[in-house]
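Subject: The structure I promised you

Hi there,

Have it open while you read, and look up each residue as it comes along.

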Amino acid sequence: QNVAYYTFGSNARIALPVASGSFAALETDPIGAQLYWDTTAYNLTTTSSGSTVALPTSVKVLAVDNNSRAVSYNSGTGAVTWLEGQDMALIMI
């Protein structure tokens with residue numbers, strides 16, 4: 001099993017799921033949005049809460065798409081499936 005590791009400032013591009021309530025904000029103002037990572041829902045959000053961690057201001061949203069494909073992993077069964085029509089963002093860290 002491998003895990004990809006990228007440091008902030010490496011300019012790596014990463015596709016991440018976006019919280020449904022944050023997609024419109026990222027679509028209209030991707031550059032000015034403060035970004036957070038939701039450690040419970042495992043998605044990118046623009047709303048701070050008890051389960052979010054603020055991302056550095058150097059993290060930039062490059063593109064958003066509300067019709068992407070995402071991988072869903074079931075840790076109980078080990079099954080991997082594709083989810084269609086997902087809100088996703090391409091970010092540069």
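Start on the surface, where V71, Y73, V80 and W82 form a nonpolar patch with about 480 Å² of accessible area together. Strands β5 (60–73) and β6 (80–92) are the elements that give two or more residues to that patch. A patch takes residues with over 30% relative accessible area and no salt bridge, joining nonpolar side chains (Val, Leu, Ile, Met, Phe, Trp, Tyr) within 5 Å and like charges within 9 Å. Accessible area is from the Shrake-Rupley method with a 1.4 Å probe, and for residues only the protein chains shown count as cover. Strands (E, at least two residues) and helices (H or I, at least four) are DSSP runs, numbered from the N terminus.

Some background before going on: this is a predicted model, where local features need pLDDT of at least 70 and side-chain atom pairs count only at pLDDT 80 or more, while totals for chains, interfaces and linings use all residues. Residues are numbered from 1 along each chain as its sequence is written, and side-chain values use heavy atoms, with hydrogens and water left out.

The cut-offs are under 20% relative accessible area for buried, over 50% for exposed, and partly exposed in between (1.4 Å probe, protein chains only).

Now go inside. The largest nonpolar core has 13 residues, and L26, L35, L44, V59 and I91 touch the most other members. Helix α1 (23–28) and strand β6 each supply at least two residues of this core. A nonpolar core here is a set of buried Ala, Val, Leu, Ile, Met, Phe, Trp, Tyr and Cys residues joined through side-chain atoms within 4.5 Å. Take L35: apart from neighbours within four places in sequence, L35 is in contact (heavy atoms within 4.5 Å) with residues including L26, L44, V53 and V59.

Next, which side chains meet in a salt bridge? They are R69 and E84, at 2.9 Å, N to O, and the count comes to one salt bridge. The rule asks for a side-chain nitrogen of Lys or Arg within 4 Å of a carboxyl oxygen of Asp or Glu. R69 lies in β5 and E84 in β6, so the pair ties together parts that are 15 residues apart in sequence. R69 is partly exposed at 47% relative accessible area, and E84 is exposed at 53%.

S68 is also in β5, and S68 counts as buried because its relative accessibility is 13%. Its side chain makes a polar contact with the side chain of D65 (3.2 Å). That term means a pair of N or O atoms within 3.5 Å; within protein, one must be able to donate a hydrogen and the other to accept it, and residues adjacent in sequence count only if both atoms are side-chain atoms.

Most residues other than glycine have a negative phi. N11, in the segment before β1 (13–17), is not a glycine, yet has a positive phi of about 65°. Y42, in the loop between β2 and β3, also isn't glycine and has a positive phi near 55°. N11 is partly exposed at 44% relative accessibility, while Y42 is exposed at 55%.

Cheers
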